[in-house]
Number of protein chains: 2
Amino acid sequence: MIRTDIARRVYNHTWKLDPIIRSLLDTDFYKLLMLQMIWGLYPDVRATFTLTNRNKRVRLADEIDEGALREQLDHARTIRFTKKEMIWLAGNTFYGRKQIFQPDFLAWLADFRLPEYELSRRDGQFELSFHGRWMETTMWEIPALAIINELRSRAAMRSLGPFALDVLYARAKAKVWEKVERLKKYPDLRISDFGTRRRHSHLWQRWCVEALKEGIGESFTGTSNVLLAMDTDLEALGTNAHELPMVLAALADSDEELKASPYQVLKDWQSYYGGNLLIVLPDTFGTEAFLRSAPHWVAEWTGFRPDSAPPIEGGERIISWWKEHGKDPREKLLIFSDALDVETIERTYLHFKGRVRMAFGWGTNLTNDFEDCAPSEIKSLKAISLVCKVSEANGRPAVKLSDNSEKATGDPDEIRRYLKVFGDESRVRQPVVV
Amino acid sequence: MIRTDIARRVYNHTWKLDPIIRSLLDTDFYKLLMLQMIWGLYPDVRATFTLTNRNKRVRLADEIDEGALREQLDHARTIRFTKKEMIWLAGNTFYGRKQIFQPDFLAWLADFRLPEYELSRRDGQFELSFHGRWMETTMWEIPALAIINELRSRAAMRSLGPFALDVLYARAKAKVWEKVERLKKYPDLRISDFGTRRRHSHLWQRWCVEALKEGIGESFTGTSNVLLAMDTDLEALGTNAHELPMVLAALADSDEELKASPYQVLKDWQSYYGGNLLIVLPDTFGTEAFLRSAPHWVAEWTGFRPDSAPPIEGGERIISWWKEHGKDPREKLLIFSDALDVETIERTYLHFKGRVRMAFGWGTNLTNDFEDCAPSEIKSLKAISLVCKVSEANGRPAVKLSDNSEKATGDPDEIRRYLKVFGDESRVRQPVVV
C-alpha cells in the first residue's frame, strides 16, 4: 500500500529553502582548533578568503543559479551555535583531552556568526570572497565549499526523474559498499572521513559515514565533520591546515622572517595543543625546503601530514628525515589525505605496513564519487577541485607553493619571491584531480 | 508521483523490534534529580516498584501481548547513556544552575543499566515489579509505563487501515492545535509537558512538544522529558515525587519517625538542591496533615505542587497557609499537575491570576488525548490511570494516602496505621480519570 502524506507533500513542494548548512558545527574540526589559536594569538589580523575553481573548464556560474547561492549563503549567516552544541563542545573529549576549548573562547564562540561575503560573476565563474578579521573569515571555507558543491549536485540532478534518481543512489551506495568490502580485508587500517567540503550533499555524507561505521567498524576512526561526530558519537578528527603558514608568511616583514614562518606556526600550535594534535603539515612552501631548514625539535612531533606529494614518495622522504634525526618511524604517524581512494589507500598501506603508523583521511572520493552512477552520463556530477584559500593577510598577498606546482596559489610575483626564499627542489607537476 | 523506496519498505516489514525506549534520557527529569539524592544518601536502601492499573475493567494482559512486552522491557535493559547524553547532562544548565549533577554521580550513571524485572499475569492484568536497590529500581517507573501505554496504543490501532490511521492522526493533531489556540489567549500562562509516562507513543509526544513550542512560544516553558529537552533545546523540568516520602516513611522505626518523615525528605532535598527546585509535594499522606505539622521553614520554600486535591481548593488552602506564615503568595509558586486539560488550566489560571505565580505541568491530556479521533470508537485508545509505585522499602510496605482516597496505595493494615498517625481530615474521594 503506497500512500501520500498530504501534509508532507505540500510541505515538500512549497518550502522556501532547503538549507545546505543547518549548523555551524557542520564544518571540519580543524577549523575550530585553528580558530581557537587565531582568536588567542592573532585576533586583529585581517584575512581574505577567496574561492578558486581549479577546473576552469567547468563553468560554475552557468551551472549554479546565483540567487540560489545567495540564499544559501544568507541562510548560513543566520545560524548560531545552539545550546546543545555549545555544551557538547565544552564537555566532549577530543583526542583524549577534556576541555580542549577554553571557556573564554567558547563564550566568544557562542555569539559567533559568519561574516559578510562578496559575490559576483566573471567568465562563467563565481568570484566569491570573504573580507574581515581572520577569526571570522576562516569559518567560511568549509560551508562555502559545501554549499557550492551541493548546489552543483542538485542542479545536475534536476533533469532526473524519480526512477533515475533511485537508480543513481542505489549505484552510489553499491559503490561505497564495494569500497568498504575491499578495505575490510585490512583490519589494521585506520581510516577517517575528511569529505565535508566536497561532499555530494549533507545527507549523502551522513550516509557514507554511517555506512563506514557499520562496514569497517574499528578501522573507522572518526570524521572531520564536527556535527556528524556529535550526532553519531564518533571521534572528531583533524589538526591544522595551510592557512596558518600562509598567513604567517604573508605577515613576515623580511625574507628571514618569511623563511622562519613555517616553524613559528608550529611553536604557536604547540602553545595550544599537544599529543596527537602535534601533526606537521610540511608542504605549504615545499616539503623539501621545509625539512632542510627544520629545527631538530620538529622531529619530536607526533607525525606529518604529507598533503600534495605522491603518498609513497612523500612518506619515504619523511621517514628518512626522521631517521636522520635519530627517530624510529614506527613510533611516528603519517596521515595521508590528498586525493585518496581505495587503490591509493591500499597501495600506500601495504607499502608502509610495519614501518610507520598510518592514518588515512578519505575525502572527495568517499563523499562524492558518483562516477558511472547516473543512468546516462552527467558531467556535472563529477567532483571538481574547488578550494577556498586565504588570498590576503593584512592587505598583503598570501602564497602557497605546494609540492605540486599545479596546486600553487597566489600572485605570480610573490610566488617568484617565495621560490627564491624557499627553493624549488623536488616540486613536481601532477594533474589536480580533486 | 508516489513511489516505494524498496529498501525502506523491506526494512519496515522485516524489523525485529520497533523500540519504544531508545534512550535512558527518555524519562522524566525529576527521576534524575531524585536519583542523585538517592544515590548520595540512600545507596543501600532496597525498594520494590510495582505496576498498578487503577482502571481494573481494562484487562491490560488481554490487550497487550506478553511476548511483545518482554521484548520491549528486555530492549530497554540493553540501553546505556551515550557519550553525547553524558556530556549534555554534565554541561547543560538546569534551572539556571550549572553542574547540577556531581561528577561522581555522573561517573556512576555512565555505567547504569535498568535492573531485572518480574512479570506474570493474573486476572487479565500484568503483575510487573522491580526488586533491587532503590537507586536502580526507581529508574524503571517511567520507561515501564511508557512501554505499556505505547504497546496498548499499537494494539488498539492494529485493526486500522492506512486511511483510518491518517484520519486518526489528522484529528488528533487538530485537537492539540485547538487547545493551543485556546491557550494562546493568555500570554502569561506558563505550561510545560509532563506527559511522558502516559503518552500515546514517543513520536506522538515529540509531535505534541514541537507543536506547543511553535504554537504558544514563550508560554511553553519546557518538558519533563529529558531526551526531548536535549533534542529540542528546551528546558528540562520537574522536581520530586511521592516515592521520596513513601520510602522514608516506610523506613521509619516508630510512629514519631513516621510523622517526621515528610519533613526529613525536604531536608534531604535541600542538601542537594536550591532555588526553583525547592518545591513541596504535600499530599503523600494528606495535605492537611502535612500543613498542620509543617515547621516554619517549609514556608521559605519556593512553592508547592498540589497533586491530588482539586486545583482551586488545593491552591487556596496552600495560599492561606502561606499567609498564616507571613508570606506573600505573589512571591510563591504553585505548580499544578494533576489531571489537567485546557478547561482546568484555564479555570485555575483565571481563578488565581495576580494572586500567586503559577505553572502547569500538562500530562496525559496533552500527550494521549485521542477521544473521538478514531473513525469508529476504539475503547483501548483511551488513556488509563496506570501507575508504577514504590510498594516496599527494605522489606517494609510503602503507603500513599493522597488527598484523594481513590489514589491511596498500600497494604490496608498499614493504611490504617498511617491514617491514625497523620489523620484523615479533608481527604476526598473523587474518580481517578488519568
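Predicted model: local features only at pLDDT ≥ 70, side-chain atom pairs only at ≥ 80, totals over all residues.
A residue counts as buried when its relative accessible area is under 20%. By that cut-off N92(A), with a relative accessible area of 2%, is buried.

**Contact between the chains**

- Chain A gives 20 residues to the contact, and chain B gives 20 residues.
- The size of an interface is often given as the accessible area lost when the parts come together.
- Between them, chain A and chain B bury about 2000 Å², with 53% of that area on carbon and sulfur atoms.
- Two salt bridges are counted between chain A and chain B.
- One salt bridge joins the side chains of K83(A) and E235(B), at 3.5 Å from N to O.
- Four residue pairs are in polar contact between chain A and chain B, with both residues of each pair at pLDDT 80 or more.
- On the side of chain A that touches chain B, the elements giving two or more residues are α5 (83–91), α9 (162–183) and α11 (226–232).
- Of these, α5(A) supplies the largest share, with five residues.
- By residue type, the side of chain A that touches chain B holds eight nonpolar, four polar and eight charged residues.

**Relation of the two copies**

**Surroundings of N92(A)**

- N92(A) lies in the loop between α5 and β2 (93–94) of chain A.
- Leaving aside residues up to four places away in sequence, N92(A) touches R97(A), K98(A) and Q99(A) in chain A, and K83(B) and I87(B) in chain B.
- N92(A) and A236(A) are 144 residues apart in sequence, but their C-alpha atoms are 9.8 Å apart in space.

**Helix α12 of chain B**

- Which residues of α12(B) are buried? They are E243(B), L244(B), P245(B), M246(B), V247(B), L248(B), A249(B) and A250(B).
- Because eight of the nine residues of α12(B) (residues 243–251) are buried, the helix is largely enclosed by the rest of the structure.

Conventions. Residues numbered from 1 in each chain as written. Chains lettered and ligands numbered in written order. Heavy atoms only, no water. Contact = heavy atoms within 4.5 Å. Buried area = accessible area lost by both parts, 1.4 Å probe. Salt bridge = Lys/Arg side-chain N within 4 Å of Asp/Glu carboxyl O. Polar contact = N/O pair within 3.5 Å; in protein donor to acceptor, adjacent residues only side chain to side chain. Helix = DSSP H or I, 4+ residues; strand = E, 2+ residues; numbered from the N terminus. Nonpolar A, V, L, I, M, F, W, Y, C, P; charged D, E, K, R; others polar. Buried < 20%, exposed > 50% of the residue type's maximum accessible area, 1.4 Å probe, protein only.
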